[in-house]
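I opened my notebook to look through this one with you. Here is what I looked up, entry by entry.

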Amino acid sequence: MRLRFILAFILIALVSVGSVLVIARQTMLREVRAYMFRGGMAGVEGLVTGLEDYYLEHRSWVGADQLFAFPGQMSGNRRGNQGNPGGFGGMMGGMMNQRLRLADSQGNLVIDTEPDGIIDSFTATEIQQAIQLQVGNDTVGYLLPAGGMNFNPGDDNELLNRLTRAAYIAAGVAIGFSVVLALILSTRLIKPVRALTQAATSLSEGDLTRRVEVHGEDELAILGQTFNQMAAALENAEETRQAMTADIAHELRTPLAIQRAHVEALQDGVYPVTDENLQPVLEQNILLTRLVEDLRTLAQADSGQLQLEKIPTNFLSLVERILDRFKPQAEVRNIKLQFSSQGECQPLNLDPGRMEQILGNLISNAIRYTPDDGWIKVILECSPERATLSIQDSGPGIPDESLPHIFERFYRADQSRSRIKGGTGLGLAIARQLTEAHGGILTAANNPDGGALFKLTLPCGVGGSNHDNG
């Protein structure tokens with residue numbers, strides 16, 4: 001890749017320098033010829049243009065003397081009259097202060113700024129040295145500054161070739177600098193890319209701790225930051241997967257061990273085969289079945305395959321029905337289960353079965369952590385936009401260090417108590433997943449008056465599809 005960068009820089013340099021050389025050669029050719037053969041060296045290039053324009057307009061040289069300025073008096077109509085000191089020629093004469101002679105297309109002298117009265121025409125040598133005055137493709141006259149021009153028709157190409165060789169040398173130096181710059185820049189550009197490639201290779205080989213150093217705020221830096229974030233997410237996902245695998249194995253081991261111990265005792269005749277002795281086996285089997293079903297629900301939610309059968313549902317009646325189901329369990333421990341509602345609740349578009357699962361997990365969790373003779377308050381607040389269900393208990397609350405993890409799978413704030421109560425550690429995780437599948441929000445906090453506070457917020461409305469993926 002470094003070689004490609006260097007070749008790209010060289011190609012850009014070659015194209016740029018080549019284009020400049022072609023354009024510069026054409027420009028130099030025009031300027032050199034103007035300088036050599038249009039009076040540039042004698043300082044009369046402007047006068048040449050003025051004379052050509054004059055002949056184009058008048059088609060003769062009669063009166064052309066007004067374009068010249070004369071240092072002295074002139075005589076003879078061929079050699080002009082007194083110049084117009086205020087005209088274009090006055091400026092030119094003041095600039096040049098040299099003898100100028102103008103001849104027609106036949107070489108006959110027309111104007112001489114310093115007439116001697118002897119020479120009436122240009123010699124062949126003088127015509128060759130004179131500046132040709134052209135109108136279109138026709139030569140209409142010759143202008144000869146004092147001393148003539150010391151150039152021949154082929155001299156312009158020689159001068160141009162010398163200038164071109166100098167330009168080639170400059171181009172070679174520029175390309176050399178470009179190559180050096182290409183080496184420096186390619187090294188600087190390739191270094192972070194190579195680091196990213198090596199880190200990606202390590203990541204693909206299983207080293208999820210690999211990171212890249214990030215410098216600056218350019219696109220490569222952003223790419224490096226994105227890579228580090230991706231690597232961190234993969235590492236966290238792998239740690240979560242390993243922890244979840246260990247948790248599942250742990251959760252399965254206990255009920256399986258209990259079942260095995262009871263079954264072996266029954267086989268060995270330690271326990272008689274009675275309903276009472278079979279009950280622990282049945283309870284552990286129910287626990288295993290619930291754990292497997294909870295894992296299946298979470299797997300469906302993670303993969304987006306959780307199907308919701310949404311229908312317009314009276315949420316108030318649904319909450320009351322769930323609370324009636326848990327009243328006997330609360331009464332056994334003398335827990336007061338209180339319910340109140342505020343506002344007019346509109347029908348909600350939800351899956352009643354999945355919503356019962358959410359509410360069941362939240363109510364059973366509240367009963368599990370509420371002490372005997374305690375209370376649980378359930379408050380439903382309805383508005384045209386949303387319905388919010390608050391569940392508050394009189395238990396010890398959630399430890400501050402546990403709040404950020406309360407909805408994680410297999411997480412228990414009280415390990416021993418939760419296992420005794422028979423929970424799988426997946427209830428709150430499932431409740432949040434199902435809530436989000438309904439487009440709602442489930443949060444956990446501690447009430448200032450004590451106890452845990454869970455809030456379930458659902459959007460109102462009965463529109464939308466009846467079959468949605470979670």
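**Entry 1: the whole chain**

I began with contacts, meaning heavy atoms within 4.5 Å: among those in the protein chain with a separation of 6 or more, 67% are between residues 24 or more positions apart. A note on the source: this is a predicted model, where local features need pLDDT of at least 70, side-chain atom pairs count only at pLDDT 80 or more, and totals for chains, interfaces and linings use all residues. Residues are numbered from 1 along each chain as its sequence is written, and side-chain values use heavy atoms, with hydrogens and water left out.

I then looked up the secondary structure, and the protein chain has eleven helices and 13 strands. These are DSSP runs numbered from the N terminus, helices being H or I with at least four residues and strands E with at least two. Of the 470 residues, 36% count as buried; buried means under 20% relative accessible area, exposed over 50%, and partly exposed in between, with a 1.4 Å probe and protein chains only.

**Entry 2**

Next I turned to helix packing. Two packed helices are described by the angle between their axes and the distance between the axes. The axes are lines fitted to C-alpha atoms, for helices over the stretch in contact, and angles run from 0 to 180 degrees between N-to-C directions.

How do the axes of H6 and H7 cross? I found that helix H6 (residues 219-268) and helix H7 (residues 275-303) have axes that come within 9 Å and cross at roughly 160°. H6 and H7 are therefore roughly antiparallel to each other (under 35 degrees is roughly parallel, over 145 roughly antiparallel, 65 to 115 roughly perpendicular, the rest oblique). H6 passes H7 in a left-handed crossing, a term for the near helix being turned anticlockwise from the far one by less than a right angle, with clockwise being right-handed.

I listed the residues that meet: from H6 they include Met244, Ile248 and Leu252, and from H7 they include Leu278, Val281 and Leu288. By class, this contact of H6 with H7 has 15 nonpolar, five polar and one charged residues. Here Ala, Val, Leu, Ile, Met, Phe, Trp, Tyr, Cys and Pro count as nonpolar, Asp, Glu, Lys and Arg as charged, and the others, Gly among them, as polar.

**Entry 3: H9 and H11**

I looked up helix H9 (residues 352-369) with helix H11 (residues 427-437): they pack at an angle of about 145°, with their axes 9 Å apart. The crossing of H9 and H11 is left-handed. In H9, Arg354 and Leu362 are among the residues that meet H11, where Gly427 and Leu434 are among the partners. I noted six nonpolar, five polar and one charged residues for the contact of H9 with H11.

**Entry 4: aromatic pairs**

I searched the whole structure and got two aromatic pairs. Rings of Phe, Tyr and Trp (its six-membered ring) pair if their centres lie within 6.5 Å; planes under 30 degrees apart are stacked, over 60 edge-to-face, and the rest tilted.

Tyr55 and Trp61 form a tilted pair, 4.9 Å centre to centre with 45° between the planes. Tyr55 is buried at 17% relative accessibility, and Trp61 is buried at 7%.

Phe407 and Phe454 form an edge-to-face pair, 6.3 Å centre to centre with 90° between the planes. Phe407 lies in the loop between strand E10 (386-393) and helix H10 (415-420) and Phe454 in strand E12 (residues 452-459), so the pair ties together parts 47 residues apart in sequence.

**Entry 5: Gly141**

I finished at Gly141, which lies in strand E4 (residues 138-145) and is buried, with a relative accessible area of 0%. Not counting residues up to four places away in sequence, Gly141 touches several residues, including Trp61, Ala103 and Ile131.
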